[in-house]
Amino acid sequence: MAGEQELLSTEIVNRGIENSGPYAGSLNFSVRVRRGLPDFLNSVNLKYVKLGYSYLLSPVFYFLTAPVLMVIFSAQIGKLFIWRDFCLKCDPIDALFIVGLLSLFIYIYLYFSPRSTYLVDFACYRPPNELKISKDEFIELAKKSGKFNGAAIEFQRRALKNSGIGDETYMPRIVFQPGHRITLKDGREEAATVMFGAVDDLLAATKIRPKDIKILIVNCGILNTTPSLSSMVINHYKLRHDIQNFNLGGMGCAAGIIAIDLAKDLLNAYPGCYALVVSTEAVSYTWYSGNDMDMLLPNCFFRLGAAAMLLSSCRLDRWRSKYELKQLVRTHKGMDNRSFKSIHLREDAERKQGLSVSKDLVEVGGHALKANITTLGPLVLPVSEQVHFFTNLLFKKKNRPYIPNYKLAFEHVCILATSKKVLDEIQKNLELTEEYMEASKNTLERFGNTSSSSVWYELAYLETNTRIKRGDRIWQLAFGSGFKCNSVVWKALGNVGKPKRSPWIQDSN
(Lines give C-alpha, C1' and ligand atoms only; values in the text may rest on other atoms or scores of the structure.)
Protein backbone atom coordinates (compact mmCIF):
# COMPACT_ATOMS: atom_id res chain seq x y z
CA MET A 1 0.00 0.00 0.00
CA ALA A 2 2.83 2.36 0.81
CA GLY A 3 4.41 1.78 -2.59
CA GLU A 4 1.10 2.56 -4.29
CA GLN A 5 0.75 5.86 -2.44
CA GLU A 6 4.08 7.05 -3.74
CA LEU A 7 2.68 7.07 -7.28
CA LEU A 8 -0.21 9.39 -6.38
CA SER A 9 -0.27 13.17 -6.29
CA THR A 10 -2.95 15.27 -4.57
CA GLU A 11 -4.49 18.61 -5.47
CA ILE A 12 -6.84 20.72 -3.30
CA VAL A 13 -9.71 22.09 -5.42
CA ASN A 14 -11.84 25.06 -4.33
CA ARG A 15 -15.43 24.29 -5.34
CA GLY A 16 -16.89 27.62 -4.19
CA ILE A 17 -19.49 28.38 -1.52
CA GLU A 18 -22.19 25.90 -0.52
CA ASN A 19 -25.66 27.17 -1.52
CA SER A 20 -27.74 24.83 0.63
CA GLY A 21 -27.57 22.27 3.42
CA PRO A 22 -26.12 22.51 6.92
CA TYR A 23 -22.88 24.07 5.56
CA ALA A 24 -24.56 26.78 3.47
CA GLY A 25 -22.37 29.86 3.13
CA SER A 26 -19.16 27.93 3.82
CA LEU A 27 -16.32 27.33 1.39
CA ASN A 28 -16.31 23.81 -0.10
CA PHE A 29 -12.98 22.13 -0.80
CA SER A 30 -12.22 18.69 -2.23
CA VAL A 31 -9.03 16.69 -2.69
CA ARG A 32 -8.30 15.35 -6.18
CA VAL A 33 -5.96 12.36 -6.37
CA ARG A 34 -4.04 11.80 -9.62
CA ARG A 35 -1.44 9.37 -10.82
CA GLY A 36 1.92 10.77 -11.76
CA LEU A 37 5.46 9.73 -12.55
CA PRO A 38 7.09 7.49 -9.93
CA ASP A 39 9.44 9.23 -7.53
CA PHE A 40 12.85 8.61 -9.11
CA LEU A 41 14.55 9.42 -5.81
CA ASN A 42 12.69 6.72 -3.92
CA SER A 43 14.28 3.52 -5.26
CA VAL A 44 16.87 2.25 -7.70
CA ASN A 45 16.55 -1.12 -9.42
CA LEU A 46 20.05 -2.59 -9.38
CA LYS A 47 19.42 -4.88 -12.35
CA TYR A 48 19.28 -1.82 -14.62
CA VAL A 49 22.50 -0.49 -13.11
CA LYS A 50 24.18 -3.86 -13.85
CA LEU A 51 22.81 -3.79 -17.38
CA GLY A 52 24.31 -0.35 -17.96
CA TYR A 53 27.74 -1.47 -16.81
CA SER A 54 27.55 -4.58 -19.00
CA TYR A 55 27.02 -2.28 -22.00
CA LEU A 56 29.94 -0.15 -20.86
CA LEU A 57 32.41 -3.03 -20.35
CA SER A 58 31.66 -5.06 -23.51
CA PRO A 59 33.79 -2.94 -25.92
CA VAL A 60 36.45 -2.48 -23.23
CA PHE A 61 36.80 -6.25 -22.98
CA TYR A 62 37.23 -6.48 -26.75
CA PHE A 63 40.00 -3.89 -26.92
CA LEU A 64 41.82 -5.42 -23.95
CA THR A 65 41.78 -8.97 -25.31
CA ALA A 66 42.65 -8.14 -28.92
CA PRO A 67 46.22 -6.88 -28.15
CA VAL A 68 46.81 -9.92 -25.92
CA LEU A 69 45.83 -12.22 -28.78
CA MET A 70 48.17 -10.32 -31.08
CA VAL A 71 51.08 -10.79 -28.65
CA ILE A 72 50.35 -14.52 -28.39
CA PHE A 73 50.19 -14.77 -32.17
CA SER A 74 53.53 -12.97 -32.53
CA ALA A 75 55.11 -15.24 -29.90
CA GLN A 76 54.04 -18.31 -31.85
CA ILE A 77 55.56 -16.86 -35.00
CA GLY A 78 58.77 -16.23 -33.03
CA LYS A 79 58.98 -19.90 -32.09
CA LEU A 80 58.90 -20.93 -35.73
CA PHE A 81 61.78 -18.69 -36.76
CA ILE A 82 64.87 -17.68 -34.79
CA TRP A 83 65.36 -13.99 -35.46
CA ARG A 84 69.00 -14.26 -36.55
CA ASP A 85 68.29 -17.14 -38.90
CA PHE A 86 65.26 -15.34 -40.18
CA CYS A 87 67.33 -12.28 -41.05
CA LEU A 88 70.20 -14.22 -42.64
CA LYS A 89 68.72 -17.36 -44.13
CA CYS A 90 64.95 -16.85 -44.57
CA ASP A 91 63.61 -17.34 -48.05
CA PRO A 92 61.84 -14.26 -49.44
CA ILE A 93 58.69 -16.32 -49.96
CA ASP A 94 58.63 -17.25 -46.26
CA ALA A 95 59.09 -13.60 -45.33
CA LEU A 96 56.19 -12.62 -47.55
CA PHE A 97 54.10 -15.36 -45.95
CA ILE A 98 54.79 -14.01 -42.45
CA VAL A 99 54.05 -10.43 -43.50
CA GLY A 100 50.85 -11.62 -45.16
CA LEU A 101 49.70 -13.37 -41.99
CA LEU A 102 50.36 -10.28 -39.89
CA SER A 103 48.54 -8.08 -42.41
CA LEU A 104 45.59 -10.46 -42.45
CA PHE A 105 45.37 -10.39 -38.66
CA ILE A 106 45.45 -6.58 -38.61
CA TYR A 107 42.78 -6.44 -41.33
CA ILE A 108 40.51 -8.83 -39.43
CA TYR A 109 41.02 -6.82 -36.24
CA LEU A 110 40.09 -3.57 -37.95
CA TYR A 111 37.19 -5.12 -39.86
CA PHE A 112 35.51 -6.67 -36.86
CA SER A 113 36.27 -3.90 -34.39
CA PRO A 114 33.22 -1.78 -33.49
CA ARG A 115 32.70 0.98 -36.05
CA SER A 116 31.51 4.46 -35.26
CA THR A 117 28.18 5.49 -36.71
CA TYR A 118 28.03 9.02 -38.07
CA LEU A 119 24.97 11.17 -38.66
CA VAL A 120 25.92 12.95 -41.88
CA ASP A 121 22.85 15.19 -41.82
CA PHE A 122 19.09 15.18 -41.33
CA ALA A 123 16.05 17.10 -42.56
CA CYS A 124 12.55 17.75 -41.21
CA TYR A 125 9.47 18.36 -43.35
CA ARG A 126 7.60 21.62 -42.97
CA PRO A 127 4.04 21.44 -44.34
CA PRO A 128 2.60 24.29 -46.43
CA ASN A 129 1.05 27.24 -44.64
CA GLU A 130 -2.48 26.43 -45.85
CA LEU A 131 -2.45 23.39 -43.53
CA LYS A 132 -1.86 25.49 -40.41
CA ILE A 133 -4.56 25.14 -37.79
CA SER A 134 -5.28 26.99 -34.55
CA LYS A 135 -6.93 25.44 -31.52
CA ASP A 136 -10.13 27.41 -32.11
CA GLU A 137 -10.24 26.41 -35.76
CA PHE A 138 -9.69 22.77 -34.76
CA ILE A 139 -12.79 22.86 -32.52
CA GLU A 140 -14.90 24.67 -35.13
CA LEU A 141 -13.99 22.18 -37.86
CA ALA A 142 -14.62 19.27 -35.46
CA LYS A 143 -18.11 20.66 -34.77
CA LYS A 144 -18.89 21.14 -38.47
CA SER A 145 -17.73 17.63 -39.29
CA GLY A 146 -20.75 16.24 -37.45
CA LYS A 147 -18.70 13.31 -36.13
CA PHE A 148 -18.63 14.24 -32.44
CA ASN A 149 -21.27 14.82 -29.78
CA GLY A 150 -21.17 17.75 -27.36
CA ALA A 151 -19.26 15.89 -24.67
CA ALA A 152 -16.55 14.81 -27.14
CA ILE A 153 -16.19 18.38 -28.44
CA GLU A 154 -15.87 19.76 -24.91
CA PHE A 155 -13.33 17.07 -23.97
CA GLN A 156 -11.15 17.97 -26.97
CA ARG A 157 -11.48 21.67 -26.16
CA ARG A 158 -10.18 21.11 -22.62
CA ALA A 159 -7.40 18.81 -23.83
CA LEU A 160 -6.21 21.37 -26.38
CA LYS A 161 -6.32 24.18 -23.81
CA ASN A 162 -3.93 22.32 -21.48
CA SER A 163 -1.88 20.59 -24.20
CA GLY A 164 0.94 23.10 -24.65
CA ILE A 165 0.21 23.10 -28.41
CA GLY A 166 0.13 26.48 -30.16
CA ASP A 167 -1.95 27.90 -33.01
CA GLU A 168 0.42 27.19 -35.91
CA THR A 169 0.59 23.41 -36.05
CA TYR A 170 -0.38 21.48 -39.19
CA MET A 171 -3.32 19.14 -39.84
CA PRO A 172 -4.73 17.47 -42.98
CA ARG A 173 -8.16 19.02 -43.52
CA ILE A 174 -9.61 15.82 -44.93
CA VAL A 175 -10.15 14.42 -41.42
CA PHE A 176 -12.75 17.16 -40.78
CA GLN A 177 -14.66 16.61 -44.02
CA PRO A 178 -18.32 15.85 -43.17
CA GLY A 179 -19.40 12.36 -44.12
CA HIS A 180 -15.92 11.34 -45.27
CA ARG A 181 -14.45 8.08 -44.04
CA ILE A 182 -10.63 8.00 -44.09
CA THR A 183 -9.36 5.66 -46.79
CA LEU A 184 -6.07 3.92 -47.50
CA LYS A 185 -5.56 6.38 -50.36
CA ASP A 186 -5.72 9.30 -47.92
CA GLY A 187 -3.07 7.70 -45.72
CA ARG A 188 -0.77 6.92 -48.66
CA GLU A 189 -1.04 10.43 -50.08
CA GLU A 190 -0.23 12.00 -46.72
CA ALA A 191 2.71 9.64 -46.11
CA ALA A 192 4.10 10.27 -49.59
CA THR A 193 3.88 14.04 -49.15
CA VAL A 194 5.69 14.23 -45.82
CA MET A 195 8.26 11.47 -46.51
CA PHE A 196 9.30 12.71 -49.94
CA GLY A 197 9.42 16.29 -48.68
CA ALA A 198 11.89 15.35 -45.93
CA VAL A 199 14.00 13.11 -48.17
CA ASP A 200 14.16 15.75 -50.93
CA ASP A 201 15.55 18.30 -48.46
CA LEU A 202 18.08 15.77 -47.13
CA LEU A 203 19.38 14.79 -50.57
CA ALA A 204 19.66 18.45 -51.54
CA ALA A 205 21.67 19.22 -48.39
CA THR A 206 24.05 16.24 -48.60
CA LYS A 207 24.42 16.01 -52.41
CA ILE A 208 24.12 12.22 -52.08
CA ARG A 209 22.87 10.33 -55.12
CA PRO A 210 19.97 7.95 -54.45
CA LYS A 211 21.93 5.05 -55.95
CA ASP A 212 24.59 5.51 -53.23
CA ILE A 213 22.08 4.52 -50.53
CA LYS A 214 22.33 0.81 -49.71
CA ILE A 215 20.21 0.68 -46.52
CA LEU A 216 16.68 2.06 -46.17
CA ILE A 217 14.58 2.00 -42.99
CA VAL A 218 11.13 3.58 -42.77
CA ASN A 219 9.07 3.67 -39.58
CA CYS A 220 5.40 4.60 -39.29
CA GLY A 221 3.22 3.43 -36.41
CA ILE A 222 -0.34 3.08 -37.70
CA LEU A 223 -0.23 3.13 -41.51
CA ASN A 224 1.10 -0.14 -42.92
CA THR A 225 0.37 -0.65 -46.60
CA THR A 226 1.16 -3.21 -49.31
CA PRO A 227 3.53 -2.41 -50.95
CA SER A 228 5.18 -0.97 -47.86
CA LEU A 229 6.05 2.66 -47.25
CA SER A 230 9.73 1.80 -47.74
CA SER A 231 8.84 0.34 -51.15
CA MET A 232 7.12 3.65 -51.97
CA VAL A 233 10.42 5.43 -51.24
CA ILE A 234 12.37 2.94 -53.36
CA ASN A 235 9.97 3.40 -56.27
CA HIS A 236 9.91 7.19 -56.05
CA TYR A 237 13.69 7.65 -55.92
CA LYS A 238 14.58 4.59 -58.06
CA LEU A 239 16.96 3.21 -55.44
CA ARG A 240 19.34 0.34 -56.23
CA HIS A 241 17.97 -3.18 -56.71
CA ASP A 242 20.13 -4.74 -53.96
CA ILE A 243 19.10 -2.24 -51.26
CA GLN A 244 18.64 -3.56 -47.71
CA ASN A 245 15.04 -2.51 -47.11
CA PHE A 246 13.14 -2.48 -43.79
CA ASN A 247 9.70 -1.17 -42.83
CA LEU A 248 8.93 -0.79 -39.10
CA GLY A 249 5.28 -0.55 -38.08
CA GLY A 250 3.21 -0.59 -34.90
CA MET A 251 6.11 0.53 -32.69
CA GLY A 252 4.80 3.96 -31.77
CA CYS A 253 6.66 7.20 -31.18
CA ALA A 254 9.81 5.37 -30.01
CA ALA A 255 10.31 3.71 -33.41
CA GLY A 256 12.61 6.45 -34.70
CA ILE A 257 15.37 5.51 -32.24
CA ILE A 258 14.74 1.81 -32.96
CA ALA A 259 15.32 2.59 -36.64
CA ILE A 260 18.62 4.32 -35.76
CA ASP A 261 19.67 1.24 -33.77
CA LEU A 262 18.84 -1.04 -36.70
CA ALA A 263 20.74 1.23 -39.09
CA LYS A 264 23.79 1.12 -36.81
CA ASP A 265 23.84 -2.68 -36.84
CA LEU A 266 23.34 -2.83 -40.61
CA LEU A 267 26.14 -0.33 -41.21
CA ASN A 268 28.46 -2.60 -39.24
CA ALA A 269 27.36 -5.52 -41.41
CA TYR A 270 27.70 -3.51 -44.64
CA PRO A 271 30.60 -1.10 -44.00
CA GLY A 272 31.35 1.76 -46.32
CA CYS A 273 27.76 2.53 -47.39
CA TYR A 274 24.98 4.98 -46.55
CA ALA A 275 21.79 4.31 -44.59
CA LEU A 276 18.65 6.39 -45.03
CA VAL A 277 16.18 6.45 -42.13
CA VAL A 278 12.72 8.02 -42.54
CA SER A 279 10.47 8.57 -39.48
CA THR A 280 6.86 9.67 -39.78
CA GLU A 281 3.25 9.07 -38.75
CA ALA A 282 0.08 9.33 -40.84
CA VAL A 283 -2.14 11.72 -38.86
CA SER A 284 -5.18 10.97 -41.00
CA TYR A 285 -4.87 7.30 -40.09
CA THR A 286 -4.60 7.98 -36.34
CA TRP A 287 -7.72 10.16 -36.44
CA TYR A 288 -10.68 8.93 -34.42
CA SER A 289 -14.19 10.07 -35.36
CA GLY A 290 -16.11 8.63 -32.41
CA ASN A 291 -17.02 9.70 -28.89
CA ASP A 292 -15.04 7.41 -26.55
CA MET A 293 -13.04 9.76 -24.31
CA ASP A 294 -9.98 7.49 -24.00
CA MET A 295 -9.61 7.51 -27.80
CA LEU A 296 -9.92 11.27 -28.38
CA LEU A 297 -6.55 12.40 -26.95
CA PRO A 298 -4.48 11.43 -30.05
CA ASN A 299 -6.74 13.73 -32.13
CA CYS A 300 -5.66 16.66 -29.98
CA PHE A 301 -1.90 16.02 -30.02
CA PHE A 302 -0.77 14.35 -33.27
CA ARG A 303 0.24 16.67 -36.11
CA LEU A 304 1.79 16.43 -39.58
CA GLY A 305 5.55 15.86 -39.74
CA ALA A 306 8.41 13.65 -40.93
CA ALA A 307 12.18 13.49 -40.66
CA ALA A 308 14.89 11.89 -42.81
CA MET A 309 18.37 11.01 -41.55
CA LEU A 310 21.49 9.96 -43.49
CA LEU A 311 23.98 7.77 -41.58
CA SER A 312 27.34 6.25 -42.45
CA SER A 313 29.95 4.05 -40.79
CA CYS A 314 32.70 4.99 -43.26
CA ARG A 315 35.60 6.62 -41.45
CA LEU A 316 36.15 8.94 -44.41
CA ASP A 317 32.68 10.43 -43.84
CA ARG A 318 33.61 11.69 -40.39
CA TRP A 319 34.87 15.01 -41.75
CA ARG A 320 31.53 15.88 -43.36
CA SER A 321 29.24 14.47 -40.66
CA LYS A 322 27.55 16.56 -37.99
CA TYR A 323 27.33 14.00 -35.19
CA GLU A 324 28.74 10.71 -33.96
CA LEU A 325 26.53 8.13 -32.27
CA LYS A 326 27.88 7.49 -28.77
CA GLN A 327 25.26 5.48 -26.86
CA LEU A 328 21.87 3.94 -27.55
CA VAL A 329 19.75 2.26 -24.87
CA ARG A 330 16.35 0.65 -25.44
CA THR A 331 13.94 -0.34 -22.66
CA HIS A 332 10.79 -2.42 -23.20
CA LYS A 333 8.20 -3.00 -20.44
CA GLY A 334 5.86 -5.17 -22.50
CA MET A 335 6.06 -8.04 -20.02
CA ASP A 336 3.85 -5.98 -17.69
CA ASN A 337 0.15 -6.07 -18.67
CA ARG A 338 -0.54 -2.46 -17.69
CA SER A 339 2.38 -1.29 -19.80
CA PHE A 340 1.36 -3.50 -22.71
CA LYS A 341 -2.21 -2.17 -22.71
CA SER A 342 -1.42 1.50 -21.98
CA ILE A 343 -1.64 2.48 -25.68
CA HIS A 344 -3.39 0.22 -28.14
CA LEU A 345 -5.30 0.44 -31.40
CA ARG A 346 -8.90 -0.72 -31.07
CA GLU A 347 -12.44 -0.25 -32.32
CA ASP A 348 -15.26 1.31 -30.30
CA ALA A 349 -18.83 0.02 -30.05
CA GLU A 350 -19.59 1.58 -33.46
CA ARG A 351 -16.54 -0.14 -34.99
CA LYS A 352 -14.70 3.15 -35.38
CA GLN A 353 -10.94 2.68 -35.10
CA GLY A 354 -8.64 4.77 -32.93
CA LEU A 355 -5.79 4.78 -30.43
CA SER A 356 -6.92 4.11 -26.88
CA VAL A 357 -4.83 5.81 -24.18
CA SER A 358 -4.96 4.34 -20.66
CA LYS A 359 -5.23 6.46 -17.53
CA ASP A 360 -2.12 4.64 -16.32
CA LEU A 361 0.00 5.99 -19.18
CA VAL A 362 1.92 8.63 -17.20
CA GLU A 363 2.74 6.18 -14.41
CA VAL A 364 3.69 3.42 -16.89
CA GLY A 365 5.86 5.84 -18.84
CA GLY A 366 7.57 6.94 -15.64
CA HIS A 367 8.60 3.40 -14.78
CA ALA A 368 9.97 2.86 -18.30
CA LEU A 369 11.88 6.16 -18.13
CA LYS A 370 13.32 5.27 -14.74
CA ALA A 371 14.59 1.91 -16.03
CA ASN A 372 16.04 3.50 -19.16
CA ILE A 373 17.99 6.29 -17.49
CA THR A 374 19.27 3.91 -14.80
CA THR A 375 20.75 1.76 -17.58
CA LEU A 376 22.03 4.80 -19.47
CA GLY A 377 23.71 6.37 -16.43
CA PRO A 378 26.92 4.25 -16.32
CA LEU A 379 27.48 4.95 -20.03
CA VAL A 380 27.30 8.74 -19.85
CA LEU A 381 27.82 10.03 -16.32
CA PRO A 382 31.19 11.38 -15.11
CA VAL A 383 33.19 9.04 -12.89
CA SER A 384 32.76 11.39 -9.91
CA GLU A 385 28.96 11.09 -10.12
CA GLN A 386 29.13 7.30 -10.38
CA VAL A 387 31.47 7.06 -7.38
CA HIS A 388 29.15 9.30 -5.37
CA PHE A 389 26.16 7.17 -6.37
CA PHE A 390 27.77 3.86 -5.39
CA THR A 391 29.16 5.24 -2.15
CA ASN A 392 25.69 6.25 -1.02
CA LEU A 393 24.18 3.04 -2.32
CA LEU A 394 26.62 0.66 -0.63
CA PHE A 395 27.00 2.45 2.68
CA LYS A 396 23.42 3.77 2.83
CA LYS A 397 24.42 7.18 4.03
CA LYS A 398 20.93 8.50 3.40
CA ASN A 399 17.45 7.16 3.74
CA ARG A 400 17.05 7.44 0.00
CA PRO A 401 19.84 6.69 -2.52
CA TYR A 402 21.68 9.49 -4.26
CA ILE A 403 20.44 10.07 -7.81
CA PRO A 404 23.20 11.31 -10.15
CA ASN A 405 22.97 14.69 -11.81
CA TYR A 406 22.21 13.86 -15.45
CA LYS A 407 22.74 17.49 -16.44
CA LEU A 408 26.47 16.80 -16.13
CA ALA A 409 26.23 14.18 -18.89
CA PHE A 410 24.58 16.29 -21.62
CA GLU A 411 24.66 19.81 -22.95
CA HIS A 412 21.30 19.47 -24.71
CA VAL A 413 18.17 17.36 -24.20
CA CYS A 414 15.50 16.54 -26.80
CA ILE A 415 12.49 14.85 -25.16
CA LEU A 416 9.64 13.60 -27.33
CA ALA A 417 7.09 16.43 -27.45
CA THR A 418 4.11 14.42 -26.23
CA SER A 419 2.22 16.90 -24.04
CA LYS A 420 2.87 19.74 -21.61
CA LYS A 421 1.95 17.54 -18.63
CA VAL A 422 4.47 14.84 -19.55
CA LEU A 423 7.24 17.35 -20.24
CA ASP A 424 6.59 19.13 -16.94
CA GLU A 425 6.68 15.83 -15.02
CA ILE A 426 9.98 14.79 -16.62
CA GLN A 427 11.49 18.22 -15.99
CA LYS A 428 10.48 18.03 -12.34
CA ASN A 429 11.77 14.49 -11.73
CA LEU A 430 15.09 14.96 -13.56
CA GLU A 431 15.47 18.50 -12.18
CA LEU A 432 16.09 19.94 -15.65
CA THR A 433 16.29 23.68 -16.17
CA GLU A 434 14.14 25.64 -18.63
CA GLU A 435 17.16 25.87 -20.93
CA TYR A 436 17.28 22.09 -21.23
CA MET A 437 13.52 21.93 -21.89
CA GLU A 438 13.41 24.82 -24.35
CA ALA A 439 13.70 22.76 -27.55
CA SER A 440 11.05 20.23 -26.47
CA LYS A 441 8.50 22.80 -25.28
CA ASN A 442 8.92 25.05 -28.31
CA THR A 443 8.58 22.08 -30.66
CA LEU A 444 5.37 21.01 -28.93
CA GLU A 445 3.98 24.53 -29.25
CA ARG A 446 5.03 25.10 -32.89
CA PHE A 447 4.61 21.64 -34.46
CA GLY A 448 2.66 19.59 -31.92
CA ASN A 449 3.41 15.90 -31.43
CA THR A 450 4.86 14.68 -34.74
CA SER A 451 5.44 11.21 -33.24
CA SER A 452 8.85 9.59 -33.90
CA SER A 453 10.12 12.60 -35.86
CA SER A 454 9.55 14.98 -32.93
CA VAL A 455 13.07 14.67 -31.47
CA TRP A 456 14.51 15.69 -34.86
CA TYR A 457 12.43 18.88 -34.98
CA GLU A 458 13.89 19.62 -31.56
CA LEU A 459 17.46 19.07 -32.77
CA ALA A 460 16.66 21.28 -35.78
CA TYR A 461 15.56 23.97 -33.31
CA LEU A 462 18.91 23.80 -31.53
CA GLU A 463 20.78 24.00 -34.85
CA THR A 464 18.71 26.93 -36.10
CA ASN A 465 19.54 28.84 -32.93
CA THR A 466 23.24 27.85 -33.27
CA ARG A 467 23.35 26.14 -29.88
CA ILE A 468 25.44 23.11 -30.93
CA LYS A 469 29.18 23.44 -30.37
CA ARG A 470 32.02 20.98 -30.96
CA GLY A 471 31.99 18.21 -28.38
CA ASP A 472 28.43 18.91 -27.18
CA ARG A 473 26.43 15.81 -26.22
CA ILE A 474 22.77 15.65 -27.22
CA TRP A 475 20.35 13.27 -25.52
CA GLN A 476 17.27 12.26 -27.52
CA LEU A 477 14.58 10.54 -25.45
CA ALA A 478 11.43 8.95 -26.90
CA PHE A 479 8.48 6.89 -25.66
CA GLY A 480 6.20 4.50 -27.50
CA SER A 481 3.47 1.90 -27.18
CA GLY A 482 4.40 -1.45 -25.78
CA PHE A 483 5.55 0.29 -23.52
CA LYS A 484 8.98 1.48 -24.70
CA CYS A 485 11.44 4.14 -23.62
CA ASN A 486 14.52 4.66 -25.82
CA SER A 487 17.55 6.94 -25.53
CA VAL A 488 20.23 7.89 -28.02
CA VAL A 489 23.22 10.13 -27.35
CA TRP A 490 25.03 12.04 -30.11
CA LYS A 491 28.30 13.96 -29.94
CA ALA A 492 28.80 17.01 -32.13
CA LEU A 493 31.87 16.66 -34.34
CA GLY A 494 32.13 20.41 -34.89
CA ASN A 495 30.34 23.71 -34.41
CA VAL A 496 27.01 23.32 -36.20
CA GLY A 497 26.01 26.49 -38.00
CA LYS A 498 22.54 27.63 -38.95
CA PRO A 499 21.25 25.33 -41.72
CA LYS A 500 20.12 26.76 -45.05
CA ARG A 501 16.80 24.92 -44.83
CA SER A 502 15.00 24.26 -41.58
CA PRO A 503 11.38 23.90 -40.46
CA TRP A 504 12.13 26.76 -38.06
CA ILE A 505 13.13 29.23 -40.78
CA GLN A 506 10.12 31.14 -42.03
CA ASP A 507 11.22 31.46 -45.67
CA SER A 508 12.44 27.83 -45.94
CA ASN A 509 9.05 26.58 -47.09
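A polar contact is a pair of N or O atoms within 3.5 Å; within protein, one must be able to donate a hydrogen and the other to accept it. The model on display is predicted.

**First stop: helix α6.** Select Asn149 and Ala151. At the start of α6, a side-chain oxygen of Asn149 comes to within 3.2 Å of the backbone nitrogen of Ala151. Next, select residues 150-161, the whole of α6. At 1.5 Å a residue, these 12 residues should span 16 Å, and the end C-alpha atoms lie 17 Å apart, which agrees.

Now colour Ala152, Ile153, Phe155, Gln156, Ala159 and Leu160, the buried residues of α6. Seen down the helix axis, they fall within an arc of 160 degrees, so they line one face of α6.

Display the nine strands of an open sheet in the order β7-β6-β8-β9-β3-β10-β15-β14-β13, with mixed pairing. Its edge strands, β7 (244-249) and β13 (412-415), each pair on one side only. Zoom in on β6 (residues 213-220), which pairs with β7 in the parallel sense over six bridges. Here Leu216 stands opposite Asn245 in β7.

Finally, select α7 (residues 184-206), which lies across β3, β6, β8 and β9 and runs at about 40 degrees to β9.

Methods. Residues are numbered from 1 along each chain as its sequence is written. This is a predicted model: local features need pLDDT of at least 70, side-chain atom pairs count only at pLDDT 80 or more; totals for chains, interfaces and linings use all residues. Side-chain values use heavy atoms; hydrogens and water are left out. Two strands pair if DSSP finds at least two bridges between them. Helices (H or I, at least four residues) and strands (E, at least two) are DSSP runs, numbered from the N terminus. Contact means heavy atoms within 4.5 Å. Axes are lines fitted to C-alpha atoms, for helices over the stretch in contact, and angles run from 0 to 180 degrees between N-to-C directions. The expected span of a helix is 1.5 Å times one less than its number of residues. Buried means under 20% relative accessible area, exposed over 50%, partly exposed in between (1.4 Å probe, protein chains only). The arc is that of the directions from the helix axis to the C-beta atoms.
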